Amino acid sequence: MKNAYIFPGQGSQYPGMAKDLYESGGKGKELLETANEILGFRITDIMFEGTPEDLKATRVTQPAIFLHSVVLAKCIDDFQPDMVAGHSLGEFSALAAADAISFEDALRLVHIRATEMQKCCEKVPGTMAAIIALPNDKVEEICASCSGTVIPANYNCDGQIVISGEKDAVEEACTKAKEAGAKRALPLQVGGAFHSPLMEPARVELGKAIEATSFKEPRCPIYQNVSALPTTDPVVIKKNLLDQLTSPVRWTQSVRNMLADGACRFVELGPGAVLQGLVRRIAGNAEGITIEGMTTL
């Protein structure tokens with residue numbers, strides 16, 4: 001039986017996240033305190049005691065989710081993945097958990113990514129929307145027909161695609177999707193147009209940081225968002241990690257490829273169980289496990 005460990009992205013955060021990892025002491029507390037020092041503020045205070053609104057800021061959300069996921073992985077004695085994947089931000093968690101990059105370096109990259117994405121959101125207004133119950137090719141066709149920038153950003157599962165881009169273009173695509181028979185076209189409460197060309201300005205600083213960071217072969221293949229294909233090549237990993245900023249998250253395709261390569265059990269590490277819901281819709285009978293804290297280890 002092959003174990004696929006999967007790591008969630010932005011949107012799965014909640015007040016109190018990872019608190020039991022800190023309170024259990026030992027490695028969990030040590031890593032979280034290290035994170036406070038690296039970030040230059042006590043992110044643990046926001047994670048444990050902050051409001052949902054406090055946790056929504058991209059500069060907080062992304063490192064918080066990364067920390068919850070990776071500290072969990074580091075606290076699991078028998079963490080032995082046969083393959084890993086992460087949804088958007090979760091790809092950084094997957095790489096750190098699989099030892100392709102150190103915990104400290106990965107957190108620094110996540111911090112830079114979050115900061116630069118936040119700047120993009122403030123400078124270039126954009127948004128995202130979920131299109132429910134339309135075929136992938138129809139959504140792609142609709143996006144291509146719109147005036148302005150809008151693209152499929154997240155292939156979450158069959159019948160659920162998130163589109164991203166300029167606000168007017170996203171609204172136009174939503175209208176066309178409903179006319180084409182979409183069950184729903186839901187605007188999302190997000191800070192900007194993630195995984196679209198509107199994130200291009202963030203590539204410069206993140207690209208410099210990724211290039212200056214030491215990567216090595218992970219302990220198992222990672223199925224990356226951009227290609228949905230497995231790799232252990234540090235050069236490929238670095239390129240895909242940067243391209244991910246402005247490219248779609250091919251989650252449906254990644255899960256299917258993991259299944260084709262023998263994945264029988266999907267273990268989600270981190271806050272929430274969003275990915276398990278998607279995996280159930282993609283993989284059907286595959287076993288799914290969610291681990292959020294020490295009590296579920």
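Contact here means heavy atoms within 4.5 Å of one another, and the structure to which this criterion is applied is a predicted model. On that basis, T58, R59, Q62, P63, F66, L67, V70 and V71 of helix 5 meet F103, A106, L107, V110, R113, A114, M117 and Q118 of helix 7. The residues of this contact divide into 11 nonpolar, three polar and two charged.

The geometry of the pair can be read from the fitted axes: helix 5 and helix 7, the latter spanning residues 103-123, pack at an angle of about 155°, with their axes 8 Å apart. Because angles over 145 degrees count as roughly antiparallel, helix 5 is roughly antiparallel to helix 7. The crossing of the two helices is right-handed.

Leaving aside residues up to four places away in sequence, L67 touches L32, A35, I43, M47, L72, F103 and L107.

Elsewhere in the chain, helix 11 (residues 234-243) is mostly covered, with seven of its 10 residues buried. These buried residues are P234, I237, K238, N240, L241, L242 and D243, and what covers them includes helix 6 (90-97) and helix 10 (202-211), together with strand 7 (222-223) and strand 8 (230-231).

Key. Residues numbered from 1 in each chain as written. Predicted model: local features only at pLDDT ≥ 70, side-chain atom pairs only at ≥ 80, totals over all residues. Heavy atoms only, no water. Axes fitted to C-alpha atoms, helices over the stretch in contact; angles between N-to-C directions. Helix = DSSP H or I, 4+ residues; strand = E, 2+ residues; numbered from the N terminus. Parallel < 35°, antiparallel > 145°, perpendicular 65-115°, else oblique. Left-handed = near helix turned anticlockwise from the far one by under 90°. Nonpolar A, V, L, I, M, F, W, Y, C, P; charged D, E, K, R; others polar. Buried < 20%, exposed > 50% of the residue type's maximum accessible area, 1.4 Å probe, protein only.
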